[in-house]
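Subject: Structure for your review

Dear colleague,

Please find the structure below. I would be grateful if you could look it over alongside the notes that follow.

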Amino acid sequence: MRLSNSMLRITAATALPRRARLPRHLGFGLLGARKTQGSRALHLAPPFLLDDYIPRYQLLPEVEAAKKRSRAYAHLRNCNLCPRLCGVNRYETTGMCLIGDKVKVNVIAPHFGEEPCIQGHNGSGSVFFSGCNLRCTFCQNYDISHRRNGFDLTPEELADWYLKLQDVGHVHNINLITPEHVVPQVALSILQARDLGLKLPIVYNTSAFDSLASLELLDGLVDIYLPDFKVWSQSASRRLLKADDYAAAATESIRAMHAQVGDLCFTADGIAKKGVLVRHLVMPGKEDEAREIMKFLAESVSRDTFVNIMEQYRPDAHVGKPKRRSGNNTDGQPEEVRYPEINRAITQDEVSAVRKAAEAVGLWRFCDPPKHDGFAI
Ligand code: SF4
């Protein structure tokens, strides 16, 4: 089924090209280079500033593109593309992610809920994939990830939507959200879109439950990796994500992502163009897990890793729901709920503890509201 035109939620208010307006502090010089009167600092360390940027898929030789296409089809016929290692033929059946050879998409739209350096003025061209290879008990996108609401699209149809986002939406990038279980289709769609004239950077917005095989397929196609790093311990992984060892997959994956594209870099308009941006959602009582994650990023990836410490946790999905076999008390209230340890909002103290832990290990590039009237770069 094709998406109807109304699915592409482009409205005058959200997506028509706005007059390009550089923040006041941009475009006048580099950090530490205030030489002439009236010049302003860019608040961006020179190693992370790009003069210009050409997406990696534009530079991929045709022979490499052909190899990637045939590898993508082979993976679909024997899918071991994520740590679930189902080994199924996705043209005939589905594995743990419950998605076959076509992707299922919930929404395609310019999106303004991302980091300022990703969404910019015109929005990030977001593609919300349905389904997921994790089963997070607290999933903040439950309807999309667990219930698989959406429309089936072929890689070719997906490529057409990238072009619409570029040409009609004037977005800053193509943002593939929860794509770990559809990497072959995503690779095919990027190659098709490149032939049709796509020129925007590709953002791979992942839970980091990826495999080296899928990241190898994406090498040369993705410009920005946007991994979540959720929990560290095996016990939290098993209980909250329903995966044996999430951190083992996430650490290996994030190192591989960084090896491909390095630290996050921007052009002078404040828009990120290449590199890794790691997100961590602060969770109730999980500061120790966060400390380990920050230590790993600083010691095993890069002290210059750009980190977004997110505060928007809320109990959702299965958290706080009545236990299936619990009775009711005399008030008719359920006596017990599922996952009670994370059934509350986070506190400011918990957020501060994670931030301090990150700074203590030497991380310094955070997604903070800018102190200088512009993007947080
Ligand atoms: S992508 Fe889906 S089918 Fe393939 S290994 Fe992962 S869960 Fe299984």
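**Confidence and overall make-up**

The protein chain has a mean pLDDT of 87, and 83% of its residues reach 70 or more; pLDDT is the predictor's confidence in each residue, from 0 to 100. Over residues 1-41 the pLDDT is below 50, although this stretch has 67 contacts in the model beyond near neighbours in sequence. Two residues are in contact if their C-beta atoms, placed from the backbone, lie within 7 Å. Where pLDDT is low, the predicted coordinates should not be read in detail.

This is a predicted model, in which local features need pLDDT of at least 70 and side-chain atom pairs count only at pLDDT 80 or more, while totals for chains, interfaces and linings use all residues. Residues are numbered from 1 along each chain as its sequence is written.

The secondary structure of the protein chain comes to 10 helices and 11 strands. Helices (H or I, at least four residues) and strands (E, at least two) are DSSP runs, numbered from the N terminus. Of the 377 residues in the chain, 45% are buried. A residue counts as buried if 20 or more other C-beta atoms lie within 10 Å of its own, as exposed if 12 or fewer do, and as partly exposed in between, with C-beta atoms placed from the backbone. Among contacts between residues at least 6 apart in sequence, 71% join residues at least 24 apart.

**Ligand surroundings**

The ligand is surrounded by 13 residues, and the closest are C79, C82, C86, G95 and C97. A residue is near a molecule if its C-beta atom, placed from the backbone, lies within 6 Å of it. The shell has eight nonpolar, four polar and one charged residues. Here Ala, Val, Leu, Ile, Met, Phe, Trp, Tyr, Cys and Pro count as nonpolar, Asp, Glu, Lys and Arg as charged, and the others, Gly among them, as polar.

**Core and buried positions**

The largest nonpolar core has 97 residues, of which A187, I202 and L297 touch the most other members. Such a core is a set of buried Ala, Val, Leu, Ile, Met, Phe, Trp, Tyr and Cys residues joined through C-beta atoms within 7 Å. Leaving aside neighbours within four places in sequence, the contacts of I202 include P55, Y57, I174 and L221.

T206 lies in strand β6 (residues 202-206) and is buried, with 26 other C-beta atoms within 10 Å. T206 and L226 are 20 residues apart in sequence, yet their C-alpha atoms are 6.1 Å apart.

I254, in helix α8 (residues 246-261), is buried, with 26 other C-beta atoms within 10 Å. Beyond four places in sequence, its contacts are A208, P227, F229, V276, V278 and V301.

The buried residues of helix α7 (residues 234-241) are S237, L240 and L241. Seen down the axis of α7, they fall within an arc of 100° (taken from the directions from the helix axis to the C-beta atoms), so they line one face of the helix. Their cover includes α8.

K242, in the loop between α7 and α8, has a positive phi near 60° and is partly exposed, with 13 other C-beta atoms within 10 Å. H170 likewise has a positive phi, near 55°, and is found in the loop between α4 (155-167) and β5 (174-177). Most residues other than glycine have a negative phi.

With kind regards
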